[in-house]
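This briefing looks at the ligand site, a sheet and the backbone of one protein model. Please have the structure open while you read.

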Amino acid sequence: MIIDKRILLVVTGGIAAYKTPELVRQLTKAGARVRVILTKGGAQFVTPMTLEALTQDTVYQDLFSLTDENSMGHIELSRDADLVIVAPATADIMAKMAAGMADDLATTALLATDKPVIIAPAMNVRMWEHPATRDNLKTLISRDITIIGPDEGDMACGEYGMGRMSAPEEIVETAVRFFSASGRLSGKRAIVTSGPTHEAIDPVRYIANHSSGKQGHAIASALAAQGCEVTLVSGPTNQSNPAGVHVVPVRTAREMLAACVASLPADIAVCAAAVADWRVSDEASQKMKKDGKSLAPLELCENPDILKTLGNSGTQRPGLLVGFAAETENIIDNARVKLSTKNCDWVLANDVSSDAGTFGGEHNTIHLVQQDDVEDWPRLTKDAVAEKLASRIADTLEETS
Ligand code: C5P
């Protein structure tokens, strides 16, 4: 996540500008506040109205516009951001940046900025390989400008080669990494489990539960936003992969356990997945057919407990192990039992009775249970729970280091 960071996005005139609405959408979703400067060329490929709708802000286009200058002057625009991204960066803007030109709003803002700059070049392969562009690239790199891509592939002009703008996801990931480098958890590794598991009955049926994966995915994002290197082991969910997080998709509890063990050692593990407690002992190899009679009860056997296995993994045990206790009654008492039986450090207990609306909902009310202490958190969105947890984890690791 890039919570509360301000990004100035400069969109210049290449066909890849058509990808910028998606880039804005993803940056905004990651928590950034995005402002756009659209060059004359850029406006040939993407409309200001699209970008205004997505940023909910004015799109700045003209150096000499009184309205633009009144709403935010060009110097202020370049200084107000935490990070500047130029995407797509044409051969022309790279040449102008290298030469220090300032003949329109984009180039003026880029010359005036004192903030880090990332550029995502996009151009025809011959323009990319031209010695002039190579020289400009060297100059920009020598000034600590970060370059993403370009990628190799089919190009809009019909040629094949280096020159395609990197995918919006890659640009967002670079931005996330950029902000996380100074995070409180940088240098730490975390494993987060999320979502339900699916336990097959036969090739088309399975046992599952209502977990949406929202809370686990939000925790993975929040830890990554603090600079942590996060492996998110996720059961089947509809959540999109959080930016800057390594996602290992799994289906069953046994796959989830194997993926977690393979990700050790870790400084932190947060087990937020709603792992199926049982699986069918003898999964049918073919689809089971009805035959007018009742079905004999399925024989179930217990699944491995991932949290407990991590808690008892000796020298490999994560330094800080956090579990969840989804309860419908005696919330705190049940959480305390889990704390000791699973050998974890914290249990985040929450009420999942149907009237609490936790499963699939946007909110969660957490009690952070430790051996001799209970902290009651107010009702928060799942994103806010994740951020609070990531800060608490950072506080604790800082205290013990
Ligand atoms: O025992 P219970 O399922 O209530 O415990 C909940 C906690 O244990 C959660 O943190 C959950 O992710 C974890 N768990 C697990 N593996 C299981 C069952 C639960 O990691 N098989």
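**Ligand site, sheet and backbone**

An oxygen atom of the ligand lies 2.6 Å from a polar backbone atom of Cys271. The model is a predicted one, in which local features need pLDDT of at least 70 and side-chain atom pairs count only at pLDDT 80 or more, while totals for chains, interfaces and linings use all residues. Residues are numbered from 1 along each chain as its sequence is written, and side-chain values use heavy atoms, with hydrogens and water left out.

**Ligand contacts**

- A polar backbone atom of Ala273 is 2.6 Å from an oxygen atom of the ligand, and a backbone N or O atom of Ile306 lies 3.0 Å from a nitrogen atom of the ligand; a polar contact is here a pair of N or O atoms within 3.5 Å, and within protein one must be able to donate a hydrogen and the other to accept it, with residues adjacent in sequence counting only if both atoms are side-chain atoms.
- Of the 450 Å² of accessible area that the ligand has on its own, the protein covers 86% (Shrake-Rupley method with a 1.4 Å probe).

**Shell around the ligand**

- The residues around the ligand, with a heavy atom within 4 Å of it, include Asp277, Asp305, Lys338 and Lys342.
- By class the shell has seven nonpolar, one polar and four charged residues, where Ala, Val, Leu, Ile, Met, Phe, Trp, Tyr, Cys and Pro count as nonpolar, Asp, Glu, Lys and Arg as charged, and the others, Gly among them, as polar.
- Helix H12 (306–311) and strand S17 (320–327) each supply at least two residues of this shell; helices (H or I, at least four residues) and strands (E, at least two) are DSSP runs, numbered from the N terminus.

**Parallel sheet**

- Six strands form an open sheet in the order S3-S2-S1-S4-S5-S6, with parallel pairing, and its edge strands, S3 (59–60) and S6 (146–147), each pair on one side only; two strands pair if DSSP finds at least two bridges between them.
- Strand S4 (residues 83–89) runs parallel to strand S5 (residues 117–121) and is joined to S5 by four bridges, with Pro121 in S5 as the bridge partner of Ala89.

**Backbone geometry**

- The peptide bond from Ala87 to Pro88 is cis, with omega near -5 degrees, and Pro88 is found in strand S4.
- A cis peptide bond also runs from Leu264 to Pro265, with omega near 0 degrees, and Pro265 lies in the loop between helix H11 (253–262) and strand S14 (268–271).
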